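Q: I would like to learn how to read some features of a protein model. Where do we begin?

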Amino acid sequence: MTNSRSRIEGRRPHELPHFQALLDGTDWASLGTVRGTGASLPTALAGILNPDPAVRTAATDSALRAVTHQNTIYEATVPMALYVAAILSHPVIAAANCGHDANNRPHRPTLVRLLKWLSDTAYDADDKCAAIGERYFGKGFLDEYGEMHEFRDLRPAIFSGVHPLLSHDNAGVRDAALIAALPLAEHPGLTAHRAELVGHARRLLATSTDRYNRDRVLAAMKAWGHDTSDLENADDIATRERYARFTAKRDSWRATEGTGGYSENPPF
């Protein structure tokens with residue numbers, strides 16, 4: 001953890017800059033990534049907008065891999081998250097449909113991959129992760145973990161890029177946008193959007209069987225004080241009951257044999 005901040009000139013927390021301004025105005029080489037600095041990120045990020053599907057896929061792989069490891073928010077994560085949010089509605093990304101790889105296996109559209117990465121990153125910096133960090137490292141956790149702090153401050157700007165896709169004509173994109181929007185909407189400045197998100201959540205629960213998406217939606221609704229009993233199906237109930245049994249068994253073991261180690265994985 002460090003106190004450093006990404007270097008993007010003239011940024012406002014609630015404003016999503018133009019993607020080219022982010023690409024050109026960020027000192028990528030000075031920002032930490034999984035292995036070293038982000039010096040190679042400008043090429044990879046620009047490649048995500050290449051009309052050639054093969055180039056676009058390779059560039060997306062390279063860019064996401066540079067900042068994805070063990071739930072960590074890196075220095076380069078923040079400007080990259082802003083860049084990704086800013087290109088979600090780019091014509092190249094919007095036009096890219098689901099295709100197939102060299103072995104004729106279907107792969108997700110770039111748009112869904114980018115939304116999934118934003119979602120994963122937002123959950124790595126959500127209120128639960130921040131609370132776990134404060135529990136183990138003290139109330140100054142976010143001040144020390146500057147990258148997470150900055151990402152959390154910029155959630156409204158990132159949300160503004162995700163929000164238009166909640167009404168996308170493709171169900172997969174709509175669902176991916178919702179799962180990304182939910183943790184972003186924990187920001188106090190986005191409270192007014194929660195009623196809208198609950199509406200989208202009800203639609204997902206009525207149409208989707210995806211276990212991960214249903215769990216995320218149900219958890220968010222419960223955290224916001226909504227009764228979900230009439231929205232849960234048999235699998236939801238069985239999953240919740242299995243988790244409750246697991247939690248009870250884990251807590252019982254800790255009470256009798258635990259050594260005082262971490263009860264949850266730190267968010268990094």
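A: We begin with two terms. A pocket is an open set of grid points with protein on both sides within 12 Å along at least five of seven lines, and its lining residues have an atom within 4 Å of a point. Helices are DSSP runs of at least four residues, numbered from the N terminus. The model here is predicted.

Q: Which helix gives the most to the lining of the second largest pocket?

A: Rolling a probe the size of a water molecule over the atoms shows where empty space is left. In this model, the second largest pocket has a volume of about 210 Å³. Its lining consists of 16 residues, and those closest to the centre are Thr68, Lys116, Trp117, Asp120 and Thr121. The most is given by helix α6 (residues 110-124), with 6 residues.

Q: How many residues of each class does the lining of the second largest pocket have?

A: The lining of that pocket has 7 polar, 5 charged and 4 nonpolar residues.

Q: How many helices and strands does the protein have?

A: There are 14 helices and 4 strands in the protein. Of its 268 residues, 44% are buried. Sequence separation can be read from the contacts: among those between residues at least 6 apart in sequence, 67% join residues at least 24 apart.

Q: How many residues of helix α10 are buried?

A: The cut-off for buried is under 20% relative accessible area. In helix α10 (residues 155-162), 7 of the 8 residues are buried, so the helix is largely enclosed by the rest of the structure. These buried residues are Arg155, Pro156, Ala157, Ile158, Phe159, Gly161 and Val162.

Q: What do the buried residues of α10 pack against?

A: They pack against α4, α6, α7 (127-137), α9 (146-153), α11 (171-184) and α12 (194-207).

Q: How many aromatic pairs are there?

A: Rings pair if their centres lie within 6.5 Å; planes under 30 degrees apart count as stacked and over 60 as edge-to-face. The count by this rule is 3 aromatic pairs. Phe19 belongs to helix α1 (residues 19-25) and Tyr83 to helix α4 (residues 77-87), so the pair ties together parts that are 64 residues apart in sequence. Both Phe19 and Tyr83 are buried.

Q: Why is the pair of Phe137 and Phe141 stacked?

A: The centres of the Phe137 and Phe141 rings are 6.0 Å apart and their planes are at 15°, so the pair is stacked. Phe137 is partly exposed, at 38% relative accessible area, whereas Phe141 is buried, at 1%. Together with Tyr145, Phe137 and Phe141 form one aromatic cluster.

Q: Over which rings do the charged ends of Lys116 and Arg216 sit?

A: Here the reading rests on NZ of Lys or CZ of Arg being within 6 Å of the ring centre and within 35 degrees of the ring normal. The charged end of Lys116 is over the ring of Tyr212, at 5.6 Å from its centre. For Arg216, the ring is that of Tyr123, and the charged end is 3.6 Å from its centre.

Q: What is the phi of Gln70, and what is that of Asn71?

A: Most residues other than glycine have a negative phi. Gln70 has a positive phi, near 50°, and the phi of Asn71 is also positive, at about 60°. Gln70 is in the loop between α3 (53-66) and α4, and Asn71 lies in the loop between α3 and α4. Gln70 is exposed, with a relative accessible area of 56%; Asn71 is partly exposed, at 44%.

Q: Is His200 buried or exposed, and what is it in contact with?

A: His200, in helix α12, counts as buried at 16% relative accessibility. Apart from neighbours within four places in sequence, His200 is in contact with Leu166, Ser167 and Leu178.

Q: Where is His168 found, and which residues does it touch?

A: His168 is in the loop between α10 and α11. At 22% relative accessibility, His168 counts as partly exposed. Not counting residues up to four places away in sequence, His168 touches Leu111, Val173 and Arg174.

Terms used: Residues are numbered from 1 along each chain as its sequence is written. This is a predicted model: local features need pLDDT of at least 70, side-chain atom pairs count only at pLDDT 80 or more; totals for chains, interfaces and linings use all residues. Side-chain values use heavy atoms; hydrogens and water are left out. On a 1 Å grid over the protein atoms alone, a cavity is a set of points where a 1.4 Å probe fits but cannot get out, and a pocket is an open set with protein on both sides within 12 Å along at least five of seven lines; lining residues have an atom within 4 Å of a point. Grid points are joined across faces, edges and corners, and a volume is the space filled by probe spheres set on the points. Helices (H or I, at least four residues) and strands (E, at least two) are DSSP runs, numbered from the N terminus. Ala, Val, Leu, Ile, Met, Phe, Trp, Tyr, Cys and Pro count as nonpolar, Asp, Glu, Lys and Arg as charged, and the others, Gly among them, as polar. Buried means under 20% relative accessible area, exposed over 50%, partly exposed in between (1.4 Å probe, protein chains only). Contact means heavy atoms within 4.5 Å.
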